[in-house]
Amino acid sequence: MLKGLLAAASLLSLAIAAPALAEPQKAKNVIVFLADAGGVPSVNAASLLGYGQPLKLHVQQWPNLGLSDTTPVDQFVSDSANGMSAIMTGVKTHNGVISQGPEGVRGKTDGAPTKTLLEYAEERGLRTGVVTSQPITDATPAATYAHSNDRKKWGEIFQQAFKPRFGDGVDVLFGTGRTAIDKQLTAAGTGFDQLAKANNRPIYAKLEDAPATNTRPIVVTEDDQIDTRAATLRALDLLKGSPKGYLLVVEWDAHTDDPREGLQHIVDFDKLIAEIEARVDLKDTLLLFTADHSFGLQVDGGKRGEPLLEGYDAWKASGKDEDVIRLKNVMVNRTHTGEEVVALATGAGAERVRGYFPNTHLFGVVMDAWGWKKDGK
């Protein structure tokens, strides 16, 4: 009896002395890093390529980890349109459809526009930015600021940057694709010069052409001609002074159609992420890394101290353009694949990134980090 009373008293004492669980931190700022086609196999291989060892990427040291299902509403394998739309809006849709509901039919019928994280941020007075190594109207960046039943409608998509549904629209927009976008704009009876004049927003052809005095710059460069690191750091500098906070979305292509190029992009992206992390305060900033879909790469050989991509130079010199690339240690089936992708997070609100979940959960992670409720618009 006495022993039981003493044990109960001891437990009570411990309960009283134990500190209360800390409330989850709320985010003022959110940065989403999207490795396009950067599935788990590619992230692993990037560490092996960059450092000769597994688990050496900076993002692989982040404390919060989950696996995100990328499937669209009707298939098992996603493209970037559905994949990024689901993250940005919390609603899965069809491949090829940009931030519209699943009732839409690609290229034929619009679905209801689904409100994006960028639109929520704009509505509440945050500053917003989108940076991509790809065309600024490509599916991944487009899903942040536009709504379309067909990802190929670049002229229509780009014009939506100047016709926001909420706030004054995306503040910083950096990407490539100038020639192709201009061709579609011309077919629609407009162009970069006309849009710039009508909206009093110059559209620069080079990052260095945008003056420091312009706090809402738009840069659309020629294809593949952008320094993604420089553009991202420039965007962060422009956004971080916002009194209400900011949302920054950064995409870097990680398709491994060319395995060295794709994996090196992940290595470089990871270094940029480490640089960005050193410039922000994780007490009020959420950093989230994920992919819109996976890709058919597998490491099936090799050992420490030897090149991961042995045989790459010979393959490259051959000029072959086959669907399957067979190197000594790596095989690439040049197509999207259906397995889950990694989601990694650190900072304010990162604790909800854990376990298996649909990619729509990441929309909720960001909204919860901000302390906002979805309003259904």
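Trainee: Where is the place of Asp224?

Mentor: Asp224 sits in the loop between β6 (218-220) and α9. Keep in mind that this is a predicted model.

Trainee: Why is Asp224 called exposed?

Mentor: Its relative accessible area is 61%. Exposed means over 50%, so Asp224 qualifies.

Trainee: Which value does phi of Ser99 take?

Mentor: Ser99 has a positive phi near 45°, and it too is a residue other than glycine. Ser99 lies in the loop between α3 (80-89) and α4 (117-123).

Trainee: How do you know whether Ser99 is buried or exposed?

Mentor: Read its relative accessible area, which is 0%. Buried means under 20%, so Ser99 is buried.

Trainee: What about Thr228, buried or exposed?

Mentor: Buried. The relative accessible area of Thr228 is 5%, and the limit is under 20%. Thr228 lies in helix α9 (residues 228-239). Leaving aside neighbours within four places in sequence, its contacts are Val131, Ser133, Glu251, Trp252 and Leu272.

Trainee: Now the strands. How do you know that β9 and β11 pair?

Mentor: Count the bridges. Six join strand β9 (residues 294-299) to strand β11 (residues 330-337). Pairing needs at least two bridges, so β9 and β11 pair. They run antiparallel. Gly296 has Asn333 as its bridge partner in β11, and Ser294 has Thr337.

Trainee: How many bridges join β10 to β11?

Mentor: Three bridges join strand β10 (residues 324-326) to β11, and these strands also run antiparallel. Three meets the requirement of at least two, so β10 and β11 pair. Val324 stands opposite Asn333 in β11. β10 and β11 form a hairpin, with three residues between them.

Trainee: Why are β9 and β10 said to stand at the edges?

Mentor: The open sheet has three strands in the order β9-β11-β10, with antiparallel pairing. β9 and β10 each have a single partner strand, so one side of each is left without a neighbour in the sheet. Neighbouring strands here are turned by 15° against each other on average, direction ignored.

Trainee: Which polar contacts does the side chain of Thr337 make?

Mentor: The Thr337 side chain reaches the backbone nitrogen of Phe295 at 3.3 Å. It also makes a polar contact with the side chain of Glu339, at 3.1 Å. The limit is within 3.5 Å. Leaving aside neighbours within four places in sequence, Thr337 is in contact with Val77, Ser294, Phe295 and Gly296.

Trainee: Which residues of the largest nonpolar core touch the most other members?

Mentor: Phe158, Ile203, Leu247, Leu286 and Trp370, out of 54 residues. Helix α12 (residues 360-370) gives the most to this core, with seven residues. A second, separate core has 51 residues, including Leu57, Ala231, Leu263 and Phe289.

Trainee: With which residues is Phe158 in contact?

Mentor: Leaving aside neighbours within four places in sequence, they include Ile136, Tyr145, Leu185, Phe192 and Ile203.

Trainee: Why is α12 called mostly covered?

Mentor: Ten of its eleven residues are buried. Among them are Leu362, Phe363, Met367 and Trp370. Gly371 follows α12 and has a positive phi, near 80°.

Trainee: Last one, the whole chain. How do you know that its radius of gyration agrees with a compact globule?

Mentor: Set the values side by side. For 377 residues, a compact globule would have a radius of gyration near 21 Å; the chain has 22 Å, so the two agree. The C-alpha trace spans about 90 × 55 × 45 Å along its principal axes. The chain holds twelve helices and 13 strands, and buried residues make up 54% of its 377 residues.

Note on methods:
Residues numbered from 1 in each chain as written. Predicted model: local features only at pLDDT ≥ 70, side-chain atom pairs only at ≥ 80, totals over all residues. Heavy atoms only, no water. Core = buried A, V, L, I, M, F, W, Y, C linked by side-chain atoms within 4.5 Å. Buried < 20%, exposed > 50% of the residue type's maximum accessible area, 1.4 Å probe, protein only. Helix = DSSP H or I, 4+ residues; strand = E, 2+ residues; numbered from the N terminus. Contact = heavy atoms within 4.5 Å. Polar contact = N/O pair within 3.5 Å; in protein donor to acceptor, adjacent residues only side chain to side chain. Axes fitted to C-alpha atoms, helices over the stretch in contact; angles between N-to-C directions. Rg over C-alpha atoms; globule rule 2.2 N^0.38 Å.
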